[in-house]
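Have the viewer open while you read.

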Amino acid sequence: MNRRKFIEQTCLACMAATAGVSILGMSACSTTQVLKTTSTNGNVVIDKASFLSEKEAKLIRVVELEHDILVLKEGDSFSAIYLQCTHQNNPVNYTGSGIVCNAHGSQFGLNGEVKTGPASVPLKKIPISHQNNQLSLTIK
Amino acid sequence: MKKILYKLFLITCISITINSSAQVLTKEDSLNAGLVAKDVSTLIGGYGEAAYRNDIDRKNASVNLTRNVIFIGHKFNNRISFFSETEIEDAKIEGGEAGGEISLEQAFIKFNINRNNYIAAGLFIPRIGTINENHLPTTFNTVARPRLETKLIPSTWRELGLSIYGNIPAISGLNYSAALMNGLNSANFEGGKGIRSGRFEGKDASASNLAVTGALLYYVGNFRIQVSGYYGGSAGLSPREADSLRLNSGAFGTPVALEEANIQFRKSGFYASALFAAIQIPDANALNIAYAKNVPSAMMGYYAEAGYNLLEKTKYKNKKLISFVRYENFDLNAAIPSNAIENDQYKQSYLFAGLAFLPLPGVIVKADFEYQTTGEPNPALVINPSPVAPKYLTNRSFVNLGIGYSF
């Protein structure tokens with residue numbers, strides 16, 4: 001194999017793979033809205049009205065915290081999970097159907113339960129209460 | 001007096017605690033320490049595995065503490081952390097004896113750019129294949145790591161450099177990584193051994209040649225899809241030395257390329273995965289002239305695995321008993337230059353079937369049956385045949401038992 005042919009083949013293979021993933025990405029493209037906020041006396045308050053659908057996910061970015069909080073709404077109930085892996089404290093990502101840690105491959109369900117190790121402890125759940133039109137997350 | 005001394009002792013203890021500059025957290029402690037991050041903390045973890053291997057055809061068996069690894073991480077502040085893994089292989093290292101190794105698997109400083117992106121600088125493991133980055137024994141079912149991800153992708157492959165990791169917020173589940181690191185040392189490449197012995201692993205690496213690597217990792221529905229690539233120089237020599245060996249020097253001289261793609265699917269206790277990898281060494285001809293090691297110009301292979309958690313629909317759902325089967329097939333001389341000798345012994349396939357039991361996510365007990373097939377070795381490559389060497393077996397069977405842990 002000469003050098004030109006080798007480089008051509010390698011580039012083609014990489015482009016094909018990238019295109020494949022891009023097409024898959026576009027076909028299932030979805031974005032989770034991020035709300036940036038701060039805490040007051042260990043509480044984070046967010047507006048219920050910011051959730052527009054029956055089933056919705058939002059990332060809450062609190063300045064004082066190292067990682068985001070995932071808030072899930074399903075009907076009238078809300079739950080909140082801290083997006084820090086319980087294995088080695090790396091950030092975990094919400095994928096739509098679950099939560100994954102890219103550092104070591106741990107996978108979690110939407111309740112924070114461990115689906116696949118190496119993590120052995122569920123993700124931290126954050127106490128959440130709602131009054132009138134507001135949700136209150138207790139982070140301390 | 002006793003009471004005063006006791007109070008003094010208590011006050012001293014409290015002062016020491018308050019003034020401690022670092023807090024050591026176990027995994028459970030870190031969960032209970034509250035969410036508002038401590039400025040400074042140290043985290044300790046680890047993993048390890050031991051294996052029993054019975055060679056049915058040769059009628060002998062061995063047992064080994066394959067590795068024990070201690071993880072130490074330290075957070076300097078919310079933006080900068082340190083990660084390290086120190087490994088002891090084969091339990092014991094003695095002067096002058098073969099086997100055993102102490103090495104650093106990782107040692108890097110992590111700089112958070114923002115919540116979606118970070119940089120790792122130091123000795124890190126690039127995202128190539130699945131086992132290289134996620135090599136804990138609780139994450140794969142066979143007693144030993146997949147053969148392809150040992151012989152073709154040389155896990156655990158770590159080098160010195162700079163790497164950026166992150167996710168793309170516009171597409172949930174899409175992650176990327178890209179790295180610049182030192183290249184390989186082709187002087188140590190050898191036919192049938194892949195590129196494994198060309199790794200520097202952080203020890204006196206040549207920085208005259210470089211490598212770039214990148215990966216896209218996408219979680220969509222029940223799938224995990226990854227593609228990765230590597231391209232790097234392998235002649236870490238001065239131009240004068242390289243010229244004398246007729247090799248191309250420079251950052252990407254005498255290149256090695258690797259392409260890999262894998263896919264995993266998980267649903268309701270069912271699990272399936274497949275991985276493909278290929279390596280090209282376009283200047284293999286020149287390497288064989290320089291070093292006479294029978295280096296191939298291409299290697300490639302694949303594996304596929306399927307498994308099911310037999311406890312998925314029982315009351316023991318928090319435990320796992322996975323029955324699985326895996327087939328691996330690779331050729332370590334898929335293409336050879338005109339000055340190399342083909343060896344069918346390097347065309348290998350492995351069939352595994354077994355059980356893996358996880359009483360909890362951090363502990364695994366494994367048992368598998370392994371059926372190995374290779375081609376006949378090329379007698380032209382046996383320079384001094386031993387008169388007492390046992391006949392080479394192209395088909396061999398093994399029973400493997402193992403334990404693994406990570407915390």
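Chain B comes to 5 helices and 17 strands, with helices (H or I, at least four residues) and strands (E, at least two) taken as DSSP runs and numbered from the N terminus. This is a predicted model, where local features need pLDDT of at least 70, side-chain atom pairs count only at pLDDT 80 or more, and totals for chains, interfaces and linings use all residues. Residues are numbered from 1 along each chain as its sequence is written, chains are lettered from A and ligands numbered from 1 in the order in which they are written, and side-chain values use heavy atoms, leaving out hydrogens and water.

Of the 407 residues in chain B, 47% are buried (under 20% relative accessible area, 1.4 Å probe, protein chains only). Contacts here mean heavy atoms within 4.5 Å; in chain B, 62% of those with a separation of 6 or more link residues 24 or more positions apart.

Now the interface, in numbers:

| Item, chain B with chain A | Value |
|---|---|
| Residues in the contact | 53 residues from chain B, 53 residues from chain A |
| Buried area | about 4,600 Å², 56% from carbon and sulfur atoms |
| Salt bridges | 2 salt bridges |
| Polar contacts | 13 residue pairs, both at pLDDT 80 or more |

Buried area is the accessible area (1.4 Å probe) that two parts lose on being put together, summed over both. A polar contact is a pair of N or O atoms within 3.5 Å; within protein, one must be able to donate a hydrogen and the other to accept it, and residues adjacent in sequence count only if both atoms are side-chain atoms. A salt bridge puts a side-chain nitrogen of Lys or Arg within 4 Å of a carboxyl oxygen of Asp or Glu. A:D68 forms one with B:R115, with the closest N and O atoms 3.1 Å apart.

## Zooming in on B:N167

B:N167 sits in strand β7 (residues 159-167) of chain B. Is B:N167 buried or exposed? B:N167 counts as buried, because its relative accessible area is 14%. Its side chain makes a polar contact with the side chain of A:N93 at 3.1 Å. Not counting residues up to four places away in sequence, B:N167 also touches others, including B:N116, B:L174 and B:Y176.

Key. Buried means under 20% relative accessible area, exposed over 50%, partly exposed in between (1.4 Å probe, protein chains only).
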